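The paragraphs below go through a sheet, a helix and a few backbone details in turn. Please keep the sequence and the 3D view at hand while reading.

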Amino acid sequence: MCGIVAYVGHREAAPLIIKGLKRLEYRGYDSAGIALLDENQLNIYKKKGKVAELENILKDKKLHAKTGIGHTRWATHGEPNDVNAHPHYSHSETLAIIHNGIIENYAAIKQVLINKGYTFESATDTEVLIKFIEDIKKHNACSTEEAVRLALNEVVGAYAIVIIDEENPDQLIAARKGSPLVIGIGENEYFFASDATPIIEYTKEVVYLDDFEIAVVKNGKLNIRNLQNQEKDAFIETIELELEAIEKGGYEHFMLKEIFEQPRSIADCLRGRISSENAHIQLGGISNHLEKLSKAKRIVFVACGTSWHAGLVGEYLFEELARINVEVEYASEFRYRNPIIKEGDFVIAISQSGETADTLAALELAKSRGATILGICNVVGSSIARLTDAGVYTHAGPEIGVASTKAFTAQVTVLALMAIATAHSKGTINEDEYRRLIIELESIPDKVADILTQAEEIKDISKLFTFASNFIFLGRGVNFPVALEGALKLKEISYIHAEGYPAAEMKHGPIALIDEDMPVVFIATKDSSYEKVVSNIQEVKARKGRVIAVVSKGDKDIKGMVDFAIEVPMAHEMLQPLLTVIPLQLLSYYIAVLRGRNVDQPRNLAKSVTVE
Ligand code: G6P
């Protein structure tokens, strides 16, 4: 969702900000803009569409600004157009703002301002905020930073903002509540961004702004205060992210790169945590909570999107191995349902970005009701990672493609590690099973690499389904969430309507859809539901449906029955999702490419949904 990049220092601000906005394109957006302080004049340039279009507008201008703010907007209030794009001027046009989030009480503030004679050009809550700040500044005859503080005390909602001020050319003011904001600290220069990706080529030293904090850079110095005007220490962290991790590295799309990175990302996730020699799992982040977790009455996973599907796999893992009752909740439903939290409950958030607004709010609610809260996040230092009592990072590396792939397999890997470690601590699996599961986990990266060698075959299959308008994905047991994930991947990037179901549910509805035009993808590996899934395949074939099946290596029986079979190596049943999901990611990818879709930035979607 919206992306923020701002700069104050000695470099040319415009090219630096444009490059930064391009780094944030993956978050999803529909317009882009920049405000520059050039020869003490504050100018705004903004445009609906891609950052490249904004860059085009700037091409012929002679710009020498050393201070500027830039933004990619994902529309919430007001349609995507040039006027609603950020930055927005204050009434006097001496201040400009960029904003990520939603000001919930903007309508009431706007009415007060209208009564005072203010007019508004855009339909945004953001324009209301900057005009409100300027009104306070005028009324109180105070500094801009004090006006920002006073205004934010009146604001309800979520925000990350950066404000530029014509009267203070070497100053930027930023604040956050609920939306991420990172400050990069260089030599006499400062960078502000929604995440670290636009910053890392200049500096690795960063400060993550906390909720209710205002950061002011002035005369080359950074000062942080909270909304009560108390000074706060700037806690400087060093980030480890390398530039090549956020570049395509020769692949046509980030998504393809990330699919192919999975042998490595799963291995990275396991590294240092697992040892088959000593038959041991070590999860440093939660080691102090493991005993309590093994005694948990209930685990509730809260998540959205693909992370929710990982949670469903987690449910099978924890129930089967650790015999703990698990519920998997959409974070957006959990937070508004007055959930029952009892002593001994663990609420575990699963989130790639660690910034999803609903997941964060669900966790805050669970914490306020006394649950122990844990996090499974990919982005180090993210809001969820910092809110939780403890957690396990997935270490998948930056995921840039909007459709999640390697983050999913890393989440499932962490869930497997946690479930096995908990089961061992609880005694629900014996030493032999513990060792066997560890050996099985260690073999997963090679098995994923083996599946990836079939990419060309999967591409050939996808050619025959490029023009399908519907798809059904079916699986059972621990492969049911994989069916959901396969359907989600396809609809996200190809815009083909796709449904995922537990295979046995087919008879209760979806079977009515099956005819010779309906492709049905079965996950039909050799596991405890194998025979039942074979019957379901026959039911589809009897109705002339076209079947693509993901099968265990060497399974000739299903191969003889279906139109196309994609083989995956044998694995422990509980770990199969780490393998069966791979062909489905590739199938979606190739179909979307053949349909000419923007695979990495599908329409209307955002990588990190920071508004509810
Ligand atoms: C968005 C993304 C999905 C992601 C979901 C949850 O919808 O497009 O790919 O699964 O948010 O995001 P999170 O960062 O919390 O895992």
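Alanine 96 stands opposite isoleucine 164 in β7. Strand names here follow DSSP: strands are E runs of at least two residues, helices are H or I runs of at least four, and both are numbered from the N terminus. The model is predicted, so local features need pLDDT of at least 70 and side-chain atom pairs count only at pLDDT 80 or more, while totals for chains, interfaces and linings use all residues. Residues are numbered from 1 along each chain as its sequence is written, and side-chain values use heavy atoms, with hydrogens and water left out.

Strand β6 (residues 95-103) and strand β7 (residues 157-165) run antiparallel and are joined by 9 bridges; two strands are said to pair if DSSP finds at least two bridges between them. Further along, asparagine 100 has alanine 160 of β7 as its bridge partner. On β7, 8 of the 9 residues are buried, so the strand is mostly covered; buried means under 20% relative accessible area, exposed means over 50%, and partly exposed is in between, with a 1.4 Å probe and protein chains only.

β7 also pairs with strand β8 (residues 172-177), again antiparallel, through 5 bridges. Isoleucine 161 stands opposite alanine 175 of β8. β7 and β8 make a hairpin, with 6 residues between them.

What is the order of the strands in the open sheet? The 7 strands follow the order β5-β6-β7-β8-β12-β13-β14, with antiparallel pairing. β5 and β14 (231-232) are the edge strands, each pairing on one side only. Helix α4 (residues 125-140) packs on this sheet and touches β5, β6 and β7, and its direction makes about 125 degrees with that of β6. Contact means heavy atoms within 4.5 Å; axes are lines fitted to C-alpha atoms, for helices over the stretch in contact, and angles run from 0 to 180 degrees between N-to-C directions.

Another helix to look at is α7. Within α7 (residues 262-270), the buried residues are Gln262, Pro263, Ser265, Ile266, Cys269 and Leu270. These buried residues pack against α6 (254-260), β16 (274-275), α13 (406-426), α14 (431-452) and α19 (577-594). Why does serine 265 count as buried? Because its relative accessibility is 2%. Leaving aside neighbours within four places in sequence, serine 265 is in contact with His395, Ala396 and Lys406. After α7 comes glycine 272, with a positive phi near 75 degrees.

The backbone has some further details. Most residues other than glycine have a negative phi, and most peptide bonds are trans. Asparagine 219 has a positive phi near 50 degrees and lies in the loop between β12 (213-218) and β13 (221-226). Asparagine 219 counts as exposed because its relative accessibility is 57%. Lysine 544 has a positive phi near 70 degrees and is found in the loop between α17 (530-542) and β26 (546-552). Lysine 544 is exposed, its relative accessible area being 55%.

Histidine 86 and proline 87 are joined by a cis peptide bond, with omega about 0 degrees. Proline 87 lies in the loop between β4 (67-73) and β5 (88-89), and β5 is an edge strand of the sheet described above.
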